[in-house]
Amino acid sequence: MSAAATGVWGRAEQQDFRSRVRGALLGAAVGDAFGAGVTASAPAETGEAHGPDGIAELLPAHGRRGAVTAVTQLTLFTVDGLIRAQVRRDTGAWHPPTDVHRAYLRWFATQRDWGPDERRKDNGWLACEEWLYVRRDAGKASLLGLADDLMGTVDAPKNPTARDGGALARSAPFGLLVGWEPQLVCQLAVECAAQTHGDPAACVAAGAYAVIVHGLARGGTLETAVHRALELIEPRPGRQPVTDGLKAALDAVRQGVPGPERVAALGDSRTAEGALAVALYSALVAEDIRHGLRLAANHDGPSATTASLTGALLGALHGETALPPAWLAELEGRPTILELADDFAMEMTQGPALHSPTHSSPGWLARYPRA
């Protein structure tokens, strides 16, 4: 995308980028809601209840159809942190991992408090959304990693043995930083993954996924984005399981008709690298987004995670208009997700018009405080 390199965005480029941002964030949330309705039952039991291909529509979870889990909650706070990082850049105090970590701490408050603390003027608008103040299957590593103010780093990560897909599942927004070089996107995703999931494979999986989303958000193909990710993770410790998973997903595309058996053969989706392989394969062979989400969700693993990963990939690839409208109509928090997506797109394309070292929009700083 030429705008990413030059910093000059034409109207058509802005509209395309906003559609991809909306597609990625809404796609991730729709996939999360779809996967939340799938129980971790054996495929045979799923077949008895929903037919040989598993569920095909949204099912009730957490008391309603379209409910999202902590996967979506954390993804939204990742976006919030990235916008804050851009706003704080004017001050010279620019360290995106710190801003993302502060956003995750605001998410942790939603898991601990009854509702927004209006005394905190640095919360911004997202942390004041009351619907987010509910626990929705948050992973143990995410809760433990954010239970204090100490930020995990690559050299001193939180939960060094945590290898599940919790950090991976919140990493799509890093790939939407289309003005960044892909190696920097990868590094940021790895550093932020280490804040809760310290196993090297979990961190590398987050970095690889962010690079793949980055390629799609720039208008590239899925296959090209995967090969770029493989190149960038090659020097990183812990890459081998992730590399094997990505290559297995690419190889599985040529092995016959897509189905649950092919998904199951990709490995344990309870690991970050396994979840990434399932999501990638589902996106590669998807006839449309519904088909891709069904492949990603109908297995005996963390269906919300794998379907959310797939939804973000397909949403970034095709844009928001490719998402199932009937599912969007029931999606919990859709107004918030759309508002945040549009804020992110506006910040990335028109940030200088919103804030600078000498002048800033008061309304924007109220939404995304520099504190």
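Me: Which residues does Thr305 touch, leaving out those up to four places away in sequence?
Reply: In this predicted model, Thr305 touches Val71, Gly165, Ala169 and Ala275, with residues up to four places away in sequence not counted.

Me: Which helix is Thr305 in?
Reply: Thr305 belongs to helix α16, which covers residues 303-318.

Me: Is Thr305 buried or exposed?
Reply: Thr305 counts as buried because its relative accessibility is 12%, and the cut-off for buried is under 20%.

Me: What does UniProt list for Thr305?
Reply: UniProt lists Thr305 under "binding site", in an unreviewed entry. The UniProt record also places a "binding site" feature at Thr75, again from an unreviewed entry.

Me: Where does Thr75 lie, then?
Reply: Thr75 is in helix α4, residues 70-88. At 5% relative accessibility, Thr75 counts as buried. Beyond residues up to four places away in sequence, Thr75 touches Leu25, Ala169, Arg170 and Pro173. Ala169 is also among the residues that Thr305 touches.

Me: Let us change topic to Thr271. Where is that one?
Reply: Thr271 sits in the loop between α13 (260-264) and α14 (272-285). Its relative accessibility is 18%, so Thr271 counts as buried.

Me: What lies 3.0 Å from a polar atom of the side chain of Thr271?
Reply: That is the backbone nitrogen of Gly274. Apart from neighbours within four places in sequence, Thr271 is in contact with Arg163, Asp164 and Gly165. Gly165 is also touched by Thr305.

Me: Now α9. How many residues does it have, and how far does it reach?
Reply: Helix α9 (residues 182-193) has 12 residues and reaches 16 Å from its first C-alpha to its last, close to the 16 Å expected at 1.5 Å a residue.

Me: Which residues of α9 are buried?
Reply: The buried ones are Pro182, Val185, Cys186, Leu188, Ala189, Val190, Cys192 and Ala193. The buried residues of α9 pack against several helices, including α4, α5 (96-112) and α10 (200-217).

Me: And the largest nonpolar core, which members touch the most others?
Reply: Of its 115 residues, Trp107, Phe174, Tyr209, Val242, Leu246, Leu331 and Phe344 touch the most other members. Helix α10 gives the most to this core, with 14 residues.

Me: What does Val242 touch, not counting residues up to four places away in sequence?
Reply: Val242 touches Ala201, Val204, Ala205, Ala208, Ile233, Glu273 and Leu276.

How values were computed. Residues numbered from 1 in each chain as written. Predicted model: local features only at pLDDT ≥ 70, side-chain atom pairs only at ≥ 80, totals over all residues. Heavy atoms only, no water. Helix = DSSP H or I, 4+ residues; strand = E, 2+ residues; numbered from the N terminus. Buried < 20%, exposed > 50% of the residue type's maximum accessible area, 1.4 Å probe, protein only. Polar contact = N/O pair within 3.5 Å; in protein donor to acceptor, adjacent residues only side chain to side chain. Contact = heavy atoms within 4.5 Å. UniProt positions renumbered as here; feature names shortened; annotations may be inferred. Expected span 1.5 Å × (residues − 1). Core = buried A, V, L, I, M, F, W, Y, C linked by side-chain atoms within 4.5 Å.
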